[in-house]
Amino acid sequence: MYSKQLLNMEESITLAITAKAKELKAQGKDVLSFSAGEPDFDTPKKVKDAAIKAINDGCSKYTPVAGTNEVLKAVCYKLKQDNNLDYSINEVITGTGAKQNLFNTISALINKDDEVLILAPYWVSYPEIAKYIGAKVKYVYPSNGLKVSASDIQKELSSKTKLLILNNPNNPSGEVYTKDELTQIAKILEGTNVFVISDEMYEKLIYDEEFCAFASLSEDALKRTITINGLSKCAAMPGWRFGYSASKDAKLNKLMKNLQGQCTSNICSITQAAAIPALMGEIDEDIFKMKEEFKKRRDYAFKAINEIKGLAIHSLPKGAFYLFVDCSKISNDDVLFCEKLLEEKLVACVPGSGFGMKGYFRMSYATNMQNIQEGIARIKEFCESN
């Protein structure tokens, strides 16, 4: 009676936990939520001013599906300035958050039973979107630590592999792939027909490494890569819903525009105008201040969590704003662990199973230091009593 694809699609575990935490909070419970993947900082003033000006200027009409020339030029400027990548406005598409660009890309590339390689741990939506489109999903697990190596990927490549999805910096682990590691991955793909989606959403939230865009590695990498990015994280604009894709494949871009044109058409015209100062580097000072605060929180939380008996963060995360905590010495059932933690201590974290790694949970430090300190104290009490 209903769509088999949707009946088989799992609810986003991050959104589900966040909704449950908000529900308990609405009941008057003192809930501390570390589940949401959104900055706690306000959107920078220059972005808000650009939105207000756009409203006052009557910027309320439909725009071209991919976006206005002004915002597309701003995306191209950002890619050149930050990543030394040359794209024309016909090669970039704005979307309602990067999630729409991701959905459009997979939809335009994948036929039923095409093989999609997803590197674990992975963002929760990758496999669900791929399975909905009809792909055969294969997971690539790291043989050591929380980063997949080129040799790990090579073992899983087959003649049916159509797409590899890479997330750098990684959500949920905060790991950052170095230029050398990415180069090794790019080399094993040479001579294949495998496309690469490089999700670089946390690009500007890196603390101890230099960021390297996958498409910048070589001419071969540039041709096969669809870069996905947005402003939800680095520009503190999660509710504005601004994402974009960049690809050198003209046919793919046309198909993606056709799909978006039949679904949402253009993204919010006000959001497009507001995104321009963020893309043009006008809020870099705001981003730097946010990053410095995130780093302080990360350093405190990393040390404090590792002092709790039974928990471990195996390496200091170098990007994003998450800690991926190994709780397997207390419980291999990370879903039950998180359910009980929320029920008994009113602390919301996301089970690692949702990211393809059992025995872990993800804790966001995109909240104030007071909440982090109190939350970790409650986690410690919980672990000591279980």
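I looked up which helices line the largest pocket of this predicted model, and found that α2 (13-26), α5 (98-109) and α6 (125-133) each supply at least two residues of its lining. Helices here are DSSP runs of H or I with at least four residues, numbered from the N terminus. A pocket, on a 1 Å grid over the protein atoms alone, is an open set of points where a 1.4 Å probe fits, with protein on both sides within 12 Å along at least five of seven lines, and lining residues have an atom within 4 Å of a point.

I noted that residues are numbered from 1 along each chain as its sequence is written. In this model local features need pLDDT of at least 70 and side-chain atom pairs count only at pLDDT 80 or more, while totals for chains, interfaces and linings use all residues, and side-chain values use heavy atoms, with hydrogens and water left out.

I then read the volume of the largest pocket, about 580 Å³, a volume being the space filled by probe spheres set on grid points joined across faces, edges and corners. Its lining has 28 residues, and L15, G37, K99, W123 and K233 are the closest to its centre. With four residues, α2 gives the most to this lining.

Two or more residues of the lining come from each of α2, α5 and α6, and α6 gives the most, with six.
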